[in-house]
Amino acid sequence: MAGGRRQAVRPYSYIADDDAPQGLDVELVEAVLRAAGVDYQLRLYPWLRVKSLLERGEATMAFQFAGTPERHAQYRLVGPCASAPRCSWPATGSRWRIGGS
């Protein structure tokens with residue numbers, strides 16, 4: 001199995017200091033696979049590599065990508081696995097303002 005993103009997105013998926021996949025999305029996928037009794041190895045790769053692994057049959061499953069019409073035609077998609085608003089918090093003292101105020 002491969003998980004793919006263009007970059008690590010904490011807290012959803014990232015590679016920890018010990019090179020192990022970590023994050024909320026990783027925990028969700030692992031919990032589902034364990035509950036289903038699936039033997040797996042999970043690795044996180046950049047999205048283009050994940051696509052290549054899927055096309056060559058070197059990965060049997062992937063997660064963390066948008067369900068576009070093109071991808072629905074190409075892959076058997078399930079989900080969404082989770083839904084949550086994405087938020088940004090500016091650093092203290094930052095000049096970043098919401099709504100131009």
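1. Let's start with a loop: aspartate 19 sits between β2 (14-15) and β3, where strands are DSSP runs of E of at least two residues and helices runs of H or I of at least four, numbered from the N terminus. Phi of aspartate 19 is near 70°, a positive value in a residue other than glycine. Most residues other than glycine have a negative phi. Aspartate 19 counts as exposed, at 64% relative accessibility; exposed means over 50% relative accessible area, buried under 20%, and partly exposed in between (1.4 Å probe, protein chains only).

2. A word on the source: this is a predicted model, in which local features need pLDDT of at least 70, side-chain atom pairs count only at pLDDT 80 or more, and totals for chains, interfaces and linings use all residues. Residues are numbered from 1 along each chain as its sequence is written, and side-chain values use heavy atoms, leaving out hydrogens and water.

3. On confidence, the mean pLDDT (the predictor's confidence in each residue, from 0 to 100) is 81, and 79% of the residues reach 70 or more. Strand β3 (residues 21-22) has the highest mean among the elements, 92, while strand β1 (residues 2-4) has the lowest, 58.

4. Now have a look at helix α2 (residues 47-55), where Trp47, Val50, Leu53 and Leu54 are buried. They lie on the same side of α2, because they cover an arc of only 120° around the axis, taken from the directions from the helix axis to the C-beta atoms. Exposed Leu48 and Glu55 are on the face turned away from that buried side.

5. Just after α2, glycine 57 takes a positive phi of about 75°. Glutamate 58 is exposed, with a relative accessible area of 51%, and forms a salt bridge with arginine 56, with 2.7 Å between the closest N and O atoms. The rule asks for a side-chain nitrogen of Lys or Arg within 4 Å of a carboxyl oxygen of Asp or Glu, and the count comes to one salt bridge.
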